[in-house]
Amino acid sequence: MKIKSKRILINISAVSLALLVILFIQELFMPKYMSEIPEGNLVEEYYKEEKKHDVIFVGDCEVFSNISPITLWEEYGITSYIRGSAQQLIWQSYYLLEETLKYEKPKVVVFNVLSMKYNEPQKEAYNRLTLDGMKLSKYKINAIKASMMEDEDLITYIFPLLRYHSRWNDIGSEDFKYIFSKDKQSHNGYLMRIDVKPVGYIPKGRVMADYSFGDNSYYYLEKMTKLCKDNDIELILIKSPSVYPYWYPQWNQQMVEFAKDNNLTYINFLDKAEDEIGIEYDKDTFDGGLHLNLSGAEKFTRYFGEILSNDFGLPDHRNEEEYKEIWQDKVEFYYAMKEDQERELKEYGYLKSYGAVAQSIEGDDKSNN
Amino acid sequence: MDEILEILEGLHPEVDFETCTSLIDDKIIDSFDIVTLISDISEEFDITIPVEEIIPENFNSAKSIYALVERLLEDE
Amino acid sequence: MLFTSYEFILFLVLVFLLYYLIPKRFQWILLLIASYVFYSYTGIRYLAYILLTTISTYLISRLIGELFITQEVYLKENKADLSREERKSYKAKIKKKQRKLLVLCLLFNFGILAVLKYSDFTINNINSVLDLLRTGKNISPLGFVAPLGISFYTFQTMGYIIDVYRGKHPYEKNIFKFGLFVSFFPQLIQGPISRFDDLKDSLFAEHSFDTKTISFGLQRILWGFFKKLVIADRLLPAVITIVGNPDKYQGVYVLVGMFFYAIDLYADFTGGIDITIGVAEVLGITLKENFLRPYFSKSITEYWRRWHITMGTWFKDYIFFPISVSKSMLNLSKKCRKRFGDAIGKRIPVYLATILVWLTTGIWHGAAWNFVVWGLLNCIVILISQECIPLYNRFHSRFKVGHTFYYRLFQVVRTFWLMSFIRILDCYRDVGTTFRMYGTIFTRWNWRDLFNGSLLELGLTMADYMVLLFAVLLILWVSLASRRESFRERLASWPMALRYISYFVLIISILIFGAYGVGYDSSQFIYSQF
């Protein structure tokens, strides 16, 4: 009997050891998104935060590139966080929001409606950028199930080694360096870029047979509306001032109607971009109009912040000690990065440590319904 | 028995069929040989060897082949 | 369900757990349910065919079996009264009835197989003839989809009914047990094709949890996954690229394609069989081996005794022997001896039976002409090598090289390349293209082409080739070591730490280097559509 229990003990230890090693290998193989595609880290960074935000932004790159929570804080004392990610699909926004509400209760939620155009799962790579960063929870599982492409399996999200094992030949020093912890890259979910690439030629959207948004998109928009209503949160629908992908008047109209029918605010900032917000598309974008750079983001935020402060009565926390402490560091980090980016731009002519190449992938996304 | 040995030796002159008892197991005679063997034996003894009898036990040695032939002659 | 899928792994875990938790007398029932669940995964409607085969064969085997019993009883009761002649004629009468039943069963079940698998092939050929004759008419294809494993389970079941007819073993009385024999899930995808009296004891027995068999079984499953995921699935895209672009990859690249396919098919097929036999082993059930280091064969006949063994023995026992020693064949042979002399006359049974076997083996592999040609090529080479035996014997009596290492190595290499040549008929889209490619080996030969960079454009990187090299060396080493003794027994004799590390390294290699997941084409077992 003694030998048998010794055997069992050895076997259990061996299996545990093996599992530990496999988990270590899994961490090693996860892409770190430090030198390339920093947007991969956005979703993850939220969990480390002090969760006291009056505004939560959800949506795709048009929120995480165009809005600066630091500006909102500095000029209006509004606390906010952007739970954005690359090509975030509406059901992903919904489940991220649901998850966020388990951590805190904001007064306002802002959703960029561009993702209404995607009724079905789109690309596995973007799914990964959004979903891998989520902590394992029922919200994550729901988001995965709603997002999976034909050839994806749920288990590869629970054990990402099953997805990233194919990186075996691409493992580099970055994978080892950041295996246990990563440096912060965003400013409450905002990815800063100070470089400039003026808007060139913007092709008009091609004529479509049917402009109505899909049933699935509406389903989740309605869910989001109800979720906010049930939690006493003001939901604001916006169209962020990026000029591409093309925002059809027919799409705009649907959002105007939806907002009216559901007693929501919908603001099309793209229409107001040049005249009212003062965005100059030859100076304020770093990729030809898809996303604003720092200068453009600050302009837009300033304008939007006015609305949030006046029309939605969001409080000014700038004199409250606990907030001041938290945000002081953020402000310092913000300007330090700005300086660093200016230095890099001078030295290399492009922002090489800030994923300068990656952003243009989304520019190639000229996908339609 | 002698006829059987003759037929066997015709197939593989180099093998000692009198003593060997693992003709099938050691692949000394293969399926093609068996067919030729059966064809010759049927001709020689005017018997029919049914397919069910084509099992290793019956063909592993000259002796077992002889036993098979005897048995079939009896049943005739 | 593919073997290399998450669903299958989950399915296995569930079956294994339940199997050893439930009372032992229900184990075979669990397997029956599991097999039907496994089968319905591709679509519940396909169950209909396997059920048809099961029920029809069961009923007919029962009728045949009962006739045997009737015969025995009758002969015993009337032992004293019957003359030899009467006994013989009675037996012949019974046999005739049984034969009618057998033929009915064979026609019905092979008929199902023929219609489902070969109807469109036949129709397309008829249409080609009609077009040649410019009739302007065409038959539209029926578009049947062959259900999973139909070639395998049909052959296995027909082997059973023939054995019952031959009196080899009694019929199985329990229709559910019989159903398990027909549909036993590990065998469904690609065999091995089992014989009823080989399988029935372990299949229906009660099995206790035995660490050694389970451990051996798990090792074997792991080994199968390694071959399949690290080697086969990695090589497949390269093979597909070469054979899919015959105008680009000619000359030496045809040889590259043959070589890659040889390794790919070996890893895929033997890997799948490892999983099959390993799964059965974990369940305490013994299946026959289907491969015996086939690439170490020294001749084509030896190769076919070591590759897809159970298919070879099936054709031997149920087609080759019955045809070649049948009365009509022997009569034909007699007549030919008289007409054309002994030398030709005695070859007739062997030749005709061999040709028939290889035609059917070819067509069994697929409903297309390239498989028929493949079968015929094998046949021709085998018969030629038969005829050459006296030549070889003379050579060997002159030059005593037969047993030297180098001559045997030469034989192995020669057989490997010969089989690789023939086997590539599986791959090119038609026979004409294949022979054209054979031609370019000579007309477009330039070994320097190997270094023109194309090897890195087949879908494999340098790193992939390194992984392949190590993996192939590993399986080569295990094969060489297996010649002396079972490798798993040898493994069991190693110290525990070494064993555990080996398992772990194997598992990690599969996890990391397996060619699975997004970005890799999930490839089917090459044999699973049979």
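## Interfaces in a predicted three-chain model

C:Arg195 and C:Asp317 form a salt bridge in which the closest N and O atoms are 2.9 Å apart; the term covers a side-chain nitrogen of Lys or Arg within 4 Å of a carboxyl oxygen of Asp or Glu. This is a predicted model, in which local features need pLDDT of at least 70 and side-chain atom pairs count only at pLDDT 80 or more, while totals for chains, interfaces and linings use all residues; side-chain values use heavy atoms, with hydrogens and water left out. Residues are numbered from 1 along each chain as its sequence is written, with chains lettered from A and ligands numbered from 1 in the order in which they are written. The model scores ipTM 0.91 and pTM 0.90.

**Inside chain C: domain 1 against domain 3**

- Chain C divides into domain 1 (12-209), domain 2 (210-287 + 432-530) and domain 3 (294-429), with bounds that come from an automatic or database domain assignment.
- Taken over C-alpha atoms, the centres of domain 1 and domain 3 of chain C are 28 Å apart.
- Their contact (heavy atoms within 4.5 Å) takes 17 residues from domain 1 of chain C and 16 residues from domain 3 of chain C.
- The size of an interface is often given as the accessible area lost when the parts come together.
- Here, domain 1 and domain 3 of chain C bury about 1400 Å² between them, and carbon and sulfur atoms give 64% of that; buried area is the accessible area (1.4 Å probe) that two parts lose on being put together, summed over both.
- C:Phe121, C:Phe155 and C:Arg195 supply 40% of the area that domain 1 of chain C buries against domain 3 of chain C, more than any other three residues.
- One salt bridge is found across this interface, and it joins C:Arg195 to C:Asp317.
- On the side of domain 1 of chain C that touches domain 3 of chain C, α4 (84-132) and α5 (150-165) of chain C each supply at least two residues; helices are DSSP runs (H or I, at least four residues), numbered from the N terminus.
- The largest share of that side, eight residues, comes from α5(C).

**Chain B against chain C**

- In this pairing, 20 residues of chain B are in contact with 22 residues of chain C.
- About 1900 Å² is buried between chain B and chain C, 65% of it on carbon and sulfur atoms.
- B:Phe32, B:Val35 and B:Val51 supply 31% of the area that chain B buries against chain C, more than any other three residues.
- The interface has one salt bridge: B:Asp40 pairs with C:Arg337, the closest N and O atoms being 3.0 Å apart.
- Three residue pairs are in polar contact across chain B and chain C (both at pLDDT 80 or more).
- α2 (31-45) and α4 (62-75) of chain B each supply at least two residues of the side of chain B that touches chain C, and α2(B) gives the largest share, ten residues.
- That side of chain B divides into seven nonpolar, five polar and eight charged residues.

**Chain C against chain A**

- The contact takes 19 residues from chain C and 22 residues from chain A.
- Chain C and chain A bury about 1600 Å² between them, with 72% of it on carbon and sulfur atoms.
- C:Tyr6, C:Ile512 and C:Val518 supply 38% of the area that chain C buries against chain A, more than any other three residues.
- The rule finds zero salt bridges between chain C and chain A, but five residue pairs are in polar contact (both at pLDDT 80 or more).
- α21(C) gives the most to the side of chain C that touches chain A, with eight residues.

**Confidence**

- Chain C has a mean pLDDT of 91, and 98% of its residues reach 70 or more; pLDDT is the predictor's confidence in each residue, from 0 to 100.
- Over residues 522-530 of chain C, pLDDT stays under 50.

Methods: Polar contact = N/O pair within 3.5 Å; in protein donor to acceptor, adjacent residues only side chain to side chain. Nonpolar A, V, L, I, M, F, W, Y, C, P; charged D, E, K, R; others polar.
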